[in-house]
Amino acid sequence: MPRKPAGPRPRDTELLNALPTEIRNQVERVEALRAKNFTGPGYELLADELFRYAYVPLTAKMGSGEIAALAGESATPLALSPEEFQTLRSSQADRDGLAVRTIAAALHTFRRRALKERRWRPEENLGHGGRPASLETHFFGQCLLVFPREMRRWRAEREDRFARTANRLSPHYVRHRLGYETGSAPDGEVGALCDGVMMLLESAPARERAVVTLTLDGQSAGEIADLLQMTVPAVESVLYRFRRKARGWRRRGGLRLPSEMRAHALKTKRMAAGDH
């Protein structure tokens, strides 16, 4: 007959008695919750306390960028792009959302592994400085372990959201949004402009293409931020970089404006100069 897996090994009573009073009380609290299979009001209170303990430092470390280094000990180390660093630094909504989903995932794993399977053993596993790890410290470590997985899910969801909007881009769409008739073949200048815009965006990230798409729709930076779940400064930064790239490409001859658009731009520039 196959052997049954061995249960958790007995705990050393002498080591338990040597724990600081606060942590010994936590061990006793966990054992009392074990009798109710970690369900009911007592466990809900503990979960709420752990959530409140982890939430503030987790969002703070996302805002400072420190989270990537702290999560580097995970089995799947995390690498953040500069844009993701900027988003987490500037967007409270993104930090909140990631913190909530990370803590929820960590609570699920923590309940099973640390509590039910007795893997939280402060009498044996010492934390920083050689001190026994409290329940809260152990839980925060679990948050750091699951964060890379939740970050990747968040990243995929954002990419899907941006891609859905960006997929509307086409030469036909650009012509329509620029106010040109789309029922017939475009003239040479208009066609070249639309093709140039598409070539400029061809290798751009989905986020940039999505922002440009909504800008062509006439949406304001605030409206785009709401639709794409970004911050207004992030939207404005994307548009600034795209305009710089477009101006550079235009100077190199890769993007040519139709004659009426050039005339309008020149008139606008002269009027602005006259105001000064």
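This is a predicted model: local features need pLDDT of at least 70, side-chain atom pairs count only at pLDDT 80 or more; totals for chains, interfaces and linings use all residues.

Before anything else, the term I need: I call a set of buried Ala, Val, Leu, Ile, Met, Phe, Trp, Tyr and Cys residues a nonpolar core when they are joined through side-chain atoms within 4.5 Å. Buried, for me, means under 20% relative accessible area.

**Entry 1: cores**

I looked up the largest nonpolar core and got 39 residues. Leu58, Met62, Leu115, Phe139, Phe147 and Met151 are the ones with the most contacts inside it. Which helices each supply at least two residues of this core? My list reads helix H2 (21-34), helix H3 (41-64), helix H4 (67-70), H6 and H7.

Leaving out residues up to four places away in sequence, Leu58 touches Ile67, Ala99, Thr102, Ile103, Phe140 and Leu144.

**Entry 2: the chain overall**

I stepped back to the secondary structure, which comes to 13 helices and 0 strands. Read from the N terminus, the elements run α-α-α-α-α-α-α-α-α-α-α-α-α. The chain has 276 residues, and 39% of them count as buried. I also checked how far along the sequence the contacts reach. Taking contacts between residues at least 6 apart in sequence, 72% join residues at least 24 apart.

**Entry 3: helix H5**

Next I went to H5, residues 82-90. Which residues of H5 are buried? I find Glu84, Thr87 and Leu88. Looking down the axis of H5, I see these buried residues fall within an arc of 90 degrees, so they line one face of the helix. The general rule I keep in mind here is that an α-helix has 3.6 residues a turn, so residues three or four places apart point the same way. As for partners, the buried residues of H5 pack against H3, H6, H7 and helix H10 (206-216).

The axes of H5 and H6 come within 5 Å and cross at roughly 95 degrees. Angles of 65 to 115 degrees count as roughly perpendicular, and that makes H5 roughly perpendicular to H6. On the H5 side the contact is made by Thr87, Leu88, Arg89 and Ser90, and on the H6 side by Gln92, Asp94, Arg95 and Leu98. By class I get 2 nonpolar, 3 polar and 3 charged residues for this contact.

Then I did H7 (residues 135-166), whose axis comes within 13 Å of that of H5, with a crossing of roughly 100 degrees. H5 and H7 are therefore roughly perpendicular to each other as well. Glu83, Glu84, Thr87 and Leu88 of H5 make this contact with Met151, Trp154, Arg155 and Arg158 of H7. The classes here are 3 nonpolar, 1 polar and 4 charged. I had Met151 on the page already, from the list of residues with the most contacts inside the largest core.

I looked at Asp96, which is found in helix H6 (residues 92-116). Is Asp96 buried or partly exposed? Its relative accessible area is 24%, so I put Asp96 down as partly exposed. Not counting residues up to four places away in sequence, Asp96 touches Tyr55 and Thr59. Asp96 and Tyr55 are 41 residues apart along the chain, and their C-alpha atoms are separated by 8.4 Å.

Ala104 is found in helix H6 too. I get a relative accessible area of 46% for Ala104, which is partly exposed. I also noted Cys143, 39 residues from Ala104 in sequence and 9.0 Å away, C-alpha to C-alpha.

**Entry 4: positive phi**

Last, I checked residues other than glycine for a positive phi and wrote down two. Where does Phe38 sit? I place Phe38 in the loop between H2 and H3. Its phi is near 55 degrees, and with a relative accessible area of 2% Phe38 is buried.

Arg118 has phi near 60 degrees and lies in the loop between H6 and H7. At 25% relative accessibility, I count Arg118 as partly exposed.

Conventions: Residues are numbered from 1 along each chain as its sequence is written. Side-chain values use heavy atoms; hydrogens and water are left out. Axes are lines fitted to C-alpha atoms, for helices over the stretch in contact, and angles run from 0 to 180 degrees between N-to-C directions. Helices (H or I, at least four residues) and strands (E, at least two) are DSSP runs, numbered from the N terminus. Angles under 35 degrees count as roughly parallel, over 145 as roughly antiparallel, 65 to 115 as roughly perpendicular and the rest as oblique. Contact means heavy atoms within 4.5 Å. Ala, Val, Leu, Ile, Met, Phe, Trp, Tyr, Cys and Pro count as nonpolar, Asp, Glu, Lys and Arg as charged, and the others, Gly among them, as polar. Buried means under 20% relative accessible area, exposed over 50%, partly exposed in between (1.4 Å probe, protein chains only). The arc is that of the directions from the helix axis to the C-beta atoms.
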